[in-house]
Amino acid sequence: MRDHHEIERAYAVDPDAELPDLTELPGVVRVTEPTTATLVATYVDTDDLALVRHGVTLRRRTGGDDAGWHLKVPAGLGRDELHRPLGRTETVPAGLARQVLGWTRGRDLRPVADVETLRTARLLLDAEDAVLAEVADDRVTGRAVGRLGADAVTWREVEVELVTAPPAFLDAADAPLAAAGILPRTVQRKIASVLAHRLPEPAEALTRRALDGPASAVLHARLAEQVAALLRADCDVRRGVDDGVRRLRVASRRLRAALATFGPLLDRDRTDPLRAELRWVARTLGAGRDAEVAQDRLRALVSEVPRRQVVGPVRRRIDRTHADRRRAAGTHAADVLASRRYLRLLGRLDRLVASPAWSERADRPAAEVLPKRVRKDLRRLREAVGVAEAVAASDGAGPAHDEALHDVRKAAKRLRHACEVLEPLWGSDARRLRKAAQDVTRVLGERQDTVVVRADLRRMAARATADGESAFTYGVLHEREQSRASVLEGELAAAWGRLDSKKLRRWLG
């Protein structure tokens, strides 16, 4: 399977219009001679268009130089495109079907539209003959499957797809194209144009947010954004993208934090069980991430100590121990993502976004309701800090202190996520408080890593001793991590001092 990240923009063109001189586009010195191909694609989806509605494309295309199965998933500024060979049948390849399971939930994938494109393509070259972008002049004919009596949808568009040019190239290209009457299309994807009659209009609550508008609009936008982020991360985990598990856990935590902080705006009988399930997802998928962080930290520690202090096969034991844990965690993650429990959760999140159960408080102005919820999170964080300080004063360093500081970290994360929800409307006020909370979570995150690493070192030392190896080096490394934890606690005091200032919280009222 080949992966390709595409960033492109589609423009509307009159059927009989002439394209402008493409050397007028920024940095373009030469344009290659055109090549022409006829591309015939069958798009597949669930009966309710779960893929198209989430910006995902799955099609089987013949013609051109990239015939085969194509899966396109939103990613960054564009989309990740995966290719598989055509195969002997028109059945969706099993690997691709698994990768979209988060959206389909195992429902059947069937043809939903046929699109034929007569494409005339040109390459845009710079002064050194490097390819900046490809311009495709497409004449498109599409028909929804099952509408045999309906007229086909036809149009002409120009696609500019970046090759080596930066994303800013597209914005710079807009002006010279607009001068020729070529403007960005309102609907960027061909399949969305063909199936426009079956796709819902954007929800008003997701597009209208204002300080004097309802608080529900702000929270609804956050929930929709993070459910979409979770589903994209789900696909990344299934296709083995390195950062997929971390981003899936982050989206889970952000959703859980939003449902906790702003819980009074929703029906708690419906959202509290969702919070519990989101917690299960984040915790269940955390083992692999913990093993990866610990292995990287331990490798760095070994490289920092003098060679004479590395006694025995320390590096080999570190790598073997954590490789086993990561393999086991990866297998478990795959089982979780395939489980009925997890797929049911995704369905419930979809329904939450489609039809939130708002309370009466959600209709009140955002400026009246939302800052109060953030202020409550700040009080919760202050209380957690007080508990941690009391534990340190009475018991000193130890498991109880570690647990208390971990609670501070969780409270700071919740405050940080709450500020993220308000940033679109409260701007720099929410951003400054969010950054201060982020500093606290960063320091405490690094300290928690030392807790995990020290526990690993104690276990590896015990196993090394049982195997007749020296445990000396594990003790040296443990001492270094203990010292690092003390340094980080000093940084925490400074970070908390910056966060707990009247200036940062004045806007909360």
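Cysteine 235 counts as buried because its relative accessibility is 0%, where buried means under 20% relative accessible area, exposed over 50% and partly exposed in between, with a 1.4 Å probe and protein chains only. The model is predicted, so local features need pLDDT of at least 70 and side-chain atom pairs count only at pLDDT 80 or more, while totals for chains, interfaces and linings use all residues. Residues are numbered from 1 along each chain as its sequence is written, and side-chain values use heavy atoms, with hydrogens and water left out.

Cysteine 419 is also buried, with a relative accessible area of 0%. The structure holds zero disulfides, a disulfide being a pair of cysteine sulfur atoms within 2.5 Å.

| Residue | Relative accessibility | Class |
|---|---|---|
| Cysteine 235 | 0% | buried |
| Cysteine 419 | 0% | buried |
| Valine 153 | 31% | partly exposed |

Helices (H or I, at least four residues) and strands (E, at least two) are DSSP runs numbered from the N terminus. Helix H8 covers residues 244-261, and its 18 residues should span 26 Å at 1.5 Å a residue, which agrees with the 26 Å between its end C-alpha atoms; the expected span is 1.5 Å times one less than the number of residues. Among the buried residues of H8 are Leu248, Val250, Leu255, Ala258 and Leu259. The buried residues of this helix pack against H7, H9, H10, H12, H13 and H14, contact meaning heavy atoms within 4.5 Å.

Leucine 223 touches Leu255, Ala258 and Leu259, and also Leu266, Leu352 and Val353, not counting residues up to four places away in sequence. Leu223 is among the residues with the most contacts inside the largest nonpolar core, which has 84 residues. A nonpolar core is a set of buried Ala, Val, Leu, Ile, Met, Phe, Trp, Tyr and Cys residues joined through side-chain atoms within 4.5 Å. A second, separate core of 19 residues includes Tyr11, Leu22, Val158 and Leu170.

Strand E7 (residues 78-84) is largely enclosed by the rest of the structure, because six of its seven residues are buried. Strand E6 (residues 68-75) pairs with E7 in the antiparallel sense over seven bridges, pairing requiring at least two DSSP bridges between two strands. Valine 73 has aspartate 80 in E7 as its bridge partner. Two residues separate E6 and E7 in this hairpin, and glycine 76 in the turn has a positive phi of about 60°.

Valine 153 lies in strand E10 (residues 153-162). Leaving aside neighbours within four places in sequence, valine 153 is in contact with Val140, Thr141 and Gly142.
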